[in-house]
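Subject: Structure handover

Hello,

Here is the structure I promised you. Please open it next to this note.

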Amino acid sequence: MEIVINGEITPETVNQFEGLEGDLTIRLNSYGGDVSSALTIYNRLRTHTGKVEIIIEGIAASAATIIACAGYCKMAVNGLYMIHSPLLELYGDFNSDELQKRITGLRAVEEMLIETYAGRTGLTAEHLREMMNEETWLTAVDAKELGFIDEIM
């Protein structure tokens with residue numbers, strides 16, 4: 001079965017990953033989106049009993065990189081891969097305690113991302129944190145060299 005993710009990752013994107021059987025090919029071209037949805041997709045793919053192949057056809061950035069870590073990953077030779085520290089968009093008025101709660105949550109998301117990337121690449125948490133803080137863009141060659149992908153197409 002083939003699933004295409006082309007665009008923003010949203011809670012609706014998760015619906016494509018319900019009740020799947022057999023081998024899967026995920027075609028990925030996304031600047032990212034909702035990290036919770038991407039994590040749900042990652043976990044469904046990691047526990048899927050069939051073969052999981054992810055093909056980055058254009059770009060895997062931000063939350064899309066979580067999905068790219070979920071199986072054997074191929075990337076177009078002219079594709080791009082980007083990781084960064086998680087972001088939080090806030091609206092409204094917040095006191096210092098409310099802001100601190102959001103900072104604590106944001107740090108937990110960052111640690112989850114680092115653990116996911118480290119499990120995939122073998123890179124240290126310190127190295128990954130530095131790459132994320134710098135908003136690192138990788139070519140296919142760089143992504144393969146660092147272990148984010150398995151194969152260049």
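First, the ground rules. This is a predicted model: local features need pLDDT of at least 70, side-chain atom pairs count only at pLDDT 80 or more, and totals for chains, interfaces and linings use all residues. Residues are numbered from 1 along each chain as its sequence is written, and side-chain values use heavy atoms, with hydrogens and water left out.

**Helix α4**

Helix α4 covers residues 96–121, 26 residues in total. Helices (H or I, at least four residues) and strands (E, at least two) are DSSP runs, numbered from the N terminus. From first C-alpha to last, α4 reaches 37 Å, close to the 38 Å expected at 1.5 Å a residue. That expected span is 1.5 Å times one less than the number of residues.

Look at both ends. Asn95 caps the N-terminal end of α4, with a side-chain oxygen 3.0 Å from the backbone nitrogen of Asp97. After α4 comes Gly122, with a positive phi near 80°.

The buried residues of α4 include Met112, Leu113, Ile114 and Tyr117, and Glu110 and Arg120 are also among them. Buried means under 20% relative accessible area, exposed over 50%, and partly exposed in between (1.4 Å probe, protein chains only). The partners they pack against include α2 (35–46), β5 (80–83), α5 and α6 (140–146).

**Two helix pairs**

α4 and α5 pack at an angle of about 120°, with axes 9 Å apart. Axes are lines fitted to C-alpha atoms, for helices over the stretch in contact, and angles run from 0 to 180 degrees between N-to-C directions. The residues that meet include Leu113, Tyr117 and Thr121 in α4 and Leu128, Arg129 and Met132 in α5. Contact here means heavy atoms within 4.5 Å. By class, the contact of α4 with α5 has seven nonpolar, two polar and three charged residues. Ala, Val, Leu, Ile, Met, Phe, Trp, Tyr, Cys and Pro count as nonpolar, Asp, Glu, Lys and Arg as charged, and the others, Gly among them, as polar.

α2 and α4 pack at about 35°, with axes 12 Å apart. Val35, Leu39 and Tyr42 of α2 make this contact with Val109, Met112, Leu113 and Thr116 of α4. The contact of α2 with α4 has six nonpolar, one polar and no charged residues.

His84 sits in the loop between β5 and α4. Is His84 buried or exposed? His84 counts as buried because its relative accessibility is 13%. A polar contact of 2.7 Å joins its side chain to that of Ser62. Such a contact is a pair of N or O atoms within 3.5 Å; within protein, one must be able to donate a hydrogen and the other to accept it, and residues adjacent in sequence count only if both atoms are side-chain atoms. Beyond four places in sequence, His84 also touches Leu113, Met132 and Glu135.

Glu135 lies in the loop between α5 (125–133) and β6 (136–139). Glu135 is partly exposed, at 43% relative accessibility. Its side chain makes a polar contact of 3.2 Å with that of Trp137. Glu135 and Ser62 are 73 residues apart in sequence, but 9.2 Å apart in space, C-alpha to C-alpha.

**Ser30**

Ser30 is in strand β2 (residues 24–30). Ser30 is buried, at 1% relative accessible area. A polar atom of its side chain lies 2.6 Å from the backbone oxygen of Gly7.

Best wishes
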